[in-house]
Amino acid sequence: MTNVLKEGETMVSISDLARDLGLTTRTLRYWEEVGIVESVERQDGANRGYTPYYVRRIKFIIKLKELGLTIKEMQDLYAAYGDAKQTEKMIPRLIEILDLHVAKVDEKMAQLASLRQDIVGYRQKMMKQFALSNEKEQ
């Protein structure tokens, strides 16, 4: 079971983990609320704790967030991962999501390249008009 500490492992508190990963405790709590992160089951009133397994999962979530995945997409991945905690069931869905993100990035890059061309063209036009107006004044 993944929420049981193995020999030599230590549990990390939510505040220590948030600090170490550059997150807020609210972010970790929110991720738990929306079902993309888990913590060790707690006794009444006890603080959340994270085993090394959960810390690795949170680092994975951070990487997915950096890649632009939405909370909904992460929830879908977590559902694909399933109760059996089988990574091989999640990987095909992750590849689909990443392919969609690559297509979106390619589209944005094409739009930005087009915008750049428009800006450069307009700048050149303005430079010519400015040069012509300066010649007329002289």
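I take a nonpolar core to be a set of buried Ala, Val, Leu, Ile, Met, Phe, Trp, Tyr and Cys residues joined through side-chain atoms within 4.5 Å. The model I am reading is predicted.

**Entry 1: the core.** I looked up the largest nonpolar core and found 24 residues in it. L28, W31, Y50 and I58 have the most contacts inside this core.

**Entry 2: I58.** I listed what I58 touches, leaving out residues up to four places away in sequence. The list reads L17, L21, L23, L28, W31, V37 and Y50.

**Entry 3: α1 and α2.** How do the axes of helix α1 (residues 14-21) and helix α2 (residues 25-33) cross, and at what angle? They come within 8 Å and cross at roughly 110°. I therefore logged α1 as roughly perpendicular to α2, since 65 to 115 degrees counts as such. From α1, the contact uses I14, S15, L17 and A18; from α2, T25, L28 and R29. I sorted these contact residues into four nonpolar, two polar and one charged.

**Entry 4: V12.** I placed V12 in strand β1 (residues 12-13). Is V12 buried, partly exposed or exposed? Its relative accessible area is 23%, so V12 is partly exposed. Beyond its neighbours within four places in sequence, I find V12 in contact with L17, R48, G49, Y50 and V55. I also checked V12 against G49: they are 37 residues apart in sequence, with 5.5 Å from C-alpha to C-alpha.

Key
Residues are numbered from 1 along each chain as its sequence is written. This is a predicted model: local features need pLDDT of at least 70, side-chain atom pairs count only at pLDDT 80 or more; totals for chains, interfaces and linings use all residues. Side-chain values use heavy atoms; hydrogens and water are left out. Helices (H or I, at least four residues) and strands (E, at least two) are DSSP runs, numbered from the N terminus. Buried means under 20% relative accessible area, exposed over 50%, partly exposed in between (1.4 Å probe, protein chains only). Contact means heavy atoms within 4.5 Å. Axes are lines fitted to C-alpha atoms, for helices over the stretch in contact, and angles run from 0 to 180 degrees between N-to-C directions. Angles under 35 degrees count as roughly parallel, over 145 as roughly antiparallel, 65 to 115 as roughly perpendicular and the rest as oblique. Ala, Val, Leu, Ile, Met, Phe, Trp, Tyr, Cys and Pro count as nonpolar, Asp, Glu, Lys and Arg as charged, and the others, Gly among them, as polar.
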